[in-house]
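Here are my notes on the model, as numbered points. Please read them alongside the coordinates.

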Amino acid sequence: MQTRTVALLALGSVLVLAALVRPDSGDSPAQAEPDEPRRAVVRDWPLLDATGRAPRGSTCGNRSRRVLLSFDDWDYAEPKRMVATARTAKRLDVGMLYFPLGEPNTAYRRAHGKSLADKVRAQGQYVGNHTYDHRSLSTLGAAAIRREIRGGVRSSLLRPPYGAYDAQVAAIASDLRYRICLWTLDTRDWRDLTPKQVRTRIVRNVRPGDVILLHMNHALHRRYDVRALVSAVRSTGLKLCRPYREHGEPATSPVRVPRKLRC
Ligand SMILES: [Zn+2]
């Protein structure tokens, strides 16, 4: 960190400092980048504004100082694990954001007569659209982008796979009444970190109002213990978003996620 700090001081810009420090601040800089899959347009990290805060689009409606955990993709080996983690979170008075893929969610509903996305909502957890089958939207034509979004789980939040989107994707998403929702802290669990390494990365980097990116299809997802994740965040003194409530009582979260989360 020392050489980086010196370099940053020389640059003397809050914006540059914010943009440079955050992405790698949990990893050894020497290990960063080389083996990461890259796509045409990837926002691995949302740009920060002049005050060092993430733009509203990346905070998914979390305008509080509470931290929001989010889980993407699908656990193909054990799909119902998503519901189990949602239940655990509710018991811990935590409201998370899930982005299950449309294709397996639809297949599961057809096979079992129930939508896991709905079951997660019933636990007061929020659910967003992560497209039908996880194609990089910024590489597709307009018709395919529409199909990918329409085939996803219905919501008002869209998290483009790989965080990859461009002006065309944004325009179509808006036309279909979606708001783009990225994240402000990437755990990089997809790089085969252990659950403990993920928690360490969170504890070292988490800041008030963060939206933390985690994955359900990660090889180690089944070993994620939501209790341990929650404890890790709480050990920093920060609070987590709570489950959806109506009139102060826990309730099923709405399909259209509110513009401002009731964290
Ligand atoms: Zn994904």
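**Notes on the predicted model**

1. The crossing of α9 and α10 is right-handed. Pro-195, Arg-199, Ile-202 and Val-203 of α9 make the contact with Ala-228, Leu-229, Ala-232 and Val-233 of α10. Contact means C-beta atoms, placed from the backbone, within 7 Å. These residues divide into 7 nonpolar, no polar and 1 charged. Nonpolar covers Ala, Val, Leu, Ile, Met, Phe, Trp, Tyr, Cys and Pro; charged covers Asp, Glu, Lys and Arg; the others, Gly among them, are polar.

2. On the geometry of this pair: the axes of α9 (residues 195–205) and α10 (residues 226–234) come within 9 Å and cross at roughly 25°. The axes are lines fitted to C-alpha atoms over the stretch in contact, with angles from 0 to 180 degrees between N-to-C directions. The two helices are therefore roughly parallel to each other, a label for angles under 35 degrees.

3. Provenance. This is a predicted model, in which local features need pLDDT of at least 70, side-chain atom pairs count only at pLDDT 80 or more, and totals for chains, interfaces and linings use all residues. Residues are numbered from 1 along each chain as its sequence is written.

4. Overall content. The chain has 10 helices and 9 strands. Both are DSSP runs numbered from the N terminus: helices are H or I with at least four residues, strands E with at least two. Of the 263 residues in the chain, 40% are buried. Buried means 20 or more other C-beta atoms within 10 Å of the residue's own, exposed 12 or fewer, partly exposed in between. Among contacts with a separation of 6 or more, 76% come from residues 24 or more positions apart.

5. Strand β1 (residues 68–73) is largely enclosed by the rest of the structure, because 6 of its 6 residues are buried. β1 runs parallel to β7 (residues 211–215), joined by 5 bridges. Leu-68 has Val-211 as its bridge partner in β7. β1 also runs parallel to β2 (residues 97–100), through 4 bridges. There, Ser-70 is partnered by Leu-97.

6. Which loop holds Gly-151? Gly-151 lies between α7 (142–150) and β4 (157–158). Gly-151 is partly exposed, with 16 other C-beta atoms within 10 Å. Leaving aside residues up to four places away in sequence, Gly-151 touches Gly-102 and Tyr-132. Gly-151 and Gly-102 are 49 residues apart in sequence, yet 5.8 Å apart in space, C-alpha to C-alpha.

Conventions. Angles under 35 degrees count as roughly parallel, over 145 as roughly antiparallel, 65 to 115 as roughly perpendicular and the rest as oblique. A crossing is left-handed if the near helix is turned anticlockwise from the far one by less than a right angle, and right-handed if clockwise. Two residues are in contact if their C-beta atoms, placed from the backbone, lie within 7 Å. Two strands pair if DSSP finds at least two bridges between them.
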